[in-house]
Every structure is written in C-alpha cells, then in structure tokens.
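Please read them with the model open.

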Amino acid sequence: MSDQSYEIKDLKRRLLAASSCVVSLCPDQFFDVLRGDDFSNPWLWQAALVDAVVAAAQPDQRGRAACPLCRSRTKDTNTGDPVGFTVPEGLAMHLRGSHRAHQCTVVKVVFERHRDRMNDA
Ligand SMILES: [Zn+2]
C-alpha cells in the first residue's frame, strides 16, 4: 500500500470517527432518523429528518427556536442579536440549507457520511 493510499484510508477512518461522534452528541430522540437505515433516497431521508427536528423544536413566545441539532441561531436583522430560527420555515431552511441559509453542520456531516457509505457499498 502506498503512503498516499494509506493516508487516504487513515483520513477516511478519522472522518468516520468524527461523524460518529457528531451523531452521538445529538439528542437521543433523533438517533433513529440520523442513523437512517434506508438511505436509498437521500432527499427522502433529509425530509424525514427535517420533519422530526422541526416537530421537536420548542419555539419561544415569538415562535423562534435554536436548532435542536447544532444549537445555532440566526441573527436578528435589526439588532444583530442572536435569535432562534422561525419555526417551522426558518428552521427547515437551516436544516436543508435552502434559501441561502447556512446549512446545519450536523445535517451536512451526517448527509456526507451516508453518501460516503452508499459510494463504498
Ligand atoms: Zn442546526
């Protein structure tokens, strides 16, 4: 095995360990959907994840909540102060990375992990 292929294999191993750690740090209620046994259609998987996370969000009096997966918030457009995402629309955009929203890092990591597994299968 060449040094380069050994290095790639080692990096893949480390990436898998890091992504496993990300999943393990998420709330238990999302474990099954994050693990996603059926990843034959990644968009269906992502839709199921978005539905589960939005349903679990606990919005404040203004209808806003931090992301239950990564705990991030967005900024108030007037004050720049951190505020939760509007539920459900803003949170769903964050989870999907749609409408110019920064995608949830947890969703990104887990999506890539599933995609890598599909490619290796
Ligand atoms: Zn998030």
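This is a predicted model: local features need pLDDT of at least 70, side-chain atom pairs count only at pLDDT 80 or more; totals for chains, interfaces and linings use all residues.

1. **Layout.** The protein chain has five helices and four strands. Read from the N terminus, their order is α-α-α-β-β-β-β-α-α. The C-alpha trace spans about 60 × 30 × 25 Å along its principal axes.

2. **Burial and contacts.** The protein chain has 121 residues, and 20% of them count as buried. Take the contacts with a separation of 6 or more. Residues 24 or more positions apart account for 49% of these.

3. **The core.** The largest nonpolar core has 18 residues. Those with the most contacts inside it are L49, C67, L69, L91, L95, C104 and V107. Three helices each supply at least two residues of this core: α3 (42-56), α4 (89-96) and α5 (105-120). In soluble globular proteins, nonpolar side chains tend to be buried together.

4. **L49 up close.** Which residues does L49 touch, leaving aside its neighbours within four places in sequence? The partners are V33, L34, L95 and V107. Two of these, L95 and V107, are also listed with L49 among the core residues with the most contacts.

5. **Length of α3.** The helix α3 has 15 residues. At 1.5 Å a residue, α3 should span 21 Å.

6. Which residues of α3 are buried? They are Q46, L49, V50 and V53. These four cover an arc of only 100° around the axis, so they sit on the same side of α3. The face turned away from that buried side carries the exposed residues L44 and A55.

7. **What covers α3.** The buried residues of α3 are covered by elements that include α2 (31-35), α4 and α5. Of these, α4 and α5 also each supply at least two residues of the core.

8. **A loop residue.** S98 is found in the loop between α4 and α5. Is S98 buried or exposed? S98 counts as exposed, because it has 11 C-beta neighbours inside 10 Å, and the cut-off for exposed is 12 or fewer.

9. **A distance to check.** S98 and Q61 are 37 residues apart along the chain. Their C-alpha atoms are separated by 25 Å.

How values were computed: Residues are numbered from 1 along each chain as its sequence is written. Two residues are in contact if their C-beta atoms, placed from the backbone, lie within 7 Å. A nonpolar core is a set of buried Ala, Val, Leu, Ile, Met, Phe, Trp, Tyr and Cys residues joined through C-beta atoms within 7 Å. The expected span of a helix is 1.5 Å times one less than its number of residues. The arc is that of the directions from the helix axis to the C-beta atoms.
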